[in-house]
Amino acid sequence: MPTSPATAPAAVLCVGDIAWDASAALLARHGLHLNRVGDGQQIPGSYWGEPEAGIIASDVYVRADTPVHSMLHEACHLIVLPPERRALVHTDATDSVPEEDATCYLQIVLAGQLPGVGSARLMADMDAWGYTYRLGSTRAWFEHDADDARRWLAERGLLPA
């Protein structure tokens with residue numbers, strides 16, 4: 001799961017490196033609004049602080065230097081919540097392990113829908129950023145240890161067709 005990095009490693013793909021419209025459209029398909037924050041400005045609702053994405057209700061806040069994995073992770077926290085809980089979110093979405101696992105799984109799946117990103121790149125970025133899993137890597141977790149997360153998402157109809 002995520003750690004609290006001080007600065008983004010240079011090799012991690014950031015929101016400013018990908019198409020804004022594609023990211024906004026992906027989030028909009030899930031009832032979310034992607035909000036651009038100016039360079040150097042504080043990111044509202046950021047749990048870890050800049051440059052990490054922030055969330056407030058159905059809004060996801062990012063800057064150009066926000067890692068793509070952070071944007072997707074925070075968005076997926078909102079996606080996995082029922083609407084009545086989503087409306088109450090400000091900065092911290094959950095302390096539920098099943099929801100956290102589902103969030104991590106879904107962010108990898110949704111990365112495959114973003115041009116220039118893809119699931120493999122996102123998993124590499126998650127490893128570079130400091131996500132930790134029992135099997136040693138994000139890919140190993142996703143492919144061999146995430147059945148519970150996949151099932152949790154499937155039971156709620158949250159896996160893309």
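**Cysteines and charged pairs**

Modeller: Take Arg-150 to begin with: Arg-150 is partly exposed, at 26% relative accessible area. Buried means under 20% relative accessible area and exposed over 50%, with partly exposed in between (1.4 Å probe, protein chains only).

Biologist: Where do these values come from?

Modeller: This is a predicted model, in which local features need pLDDT of at least 70 and side-chain atom pairs count only at pLDDT 80 or more, while totals for chains, interfaces and linings use all residues. Residues are numbered from 1 along each chain as its sequence is written, and side-chain values use heavy atoms, with hydrogens and water left out.

Biologist: Which side chain does Arg-150 meet in a salt bridge?

Modeller: That of Asp-147, with 2.2 Å from N to O. A salt bridge here is a side-chain nitrogen of Lys or Arg within 4 Å of a carboxyl oxygen of Asp or Glu. Asp-147 is partly exposed, at 42% relative accessibility.

Biologist: Where do Asp-147 and Arg-150 lie?

Modeller: Both are in helix α7 (residues 147–155), three residues apart, which is about one turn of the helix. Helices (H or I, at least four residues) are DSSP runs, numbered from the N terminus.

Biologist: How many salt bridges does the structure hold?

Modeller: Seven. One of them joins Glu-99 and Arg-85, at 2.6 Å from N to O. Glu-99 belongs to helix α4 (residues 97–111) and Arg-85 to helix α3 (residues 83–86), so this pair ties together parts that are 14 residues apart in sequence.

Biologist: Is Glu-99 buried or exposed?

Modeller: Glu-99 is buried, with a relative accessible area of 8%, whereas Arg-85 is partly exposed at 34%.

Biologist: What does Arg-63 form a salt bridge with?

Modeller: Asp-65, and their closest N and O atoms are 2.9 Å apart. Arg-63 counts as buried at 9% relative accessibility, while Asp-65 is partly exposed at 33%.

Biologist: Why do such side chains pair at all?

Modeller: Side chains of opposite charge can pair when their charged atoms come close.

Biologist: Different topic. How many disulfides are there?

Modeller: The count is zero, a disulfide being a pair of cysteine sulfur atoms within 2.5 Å. For Cys-76, the nearest cysteine sulfur is that of Cys-104, 9.0 Å away. Cys-104 is likewise in no disulfide, and the nearest cysteine sulfur to Cys-104 is that of Cys-76.

Biologist: And is Cys-76 buried or exposed?

Modeller: Cys-76 is buried, with a relative accessible area of 0%. Cys-104 also counts as buried, at 0% relative accessibility.

How values were computed
Helices (H or I, at least four residues) and strands (E, at least two) are DSSP runs, numbered from the N terminus.
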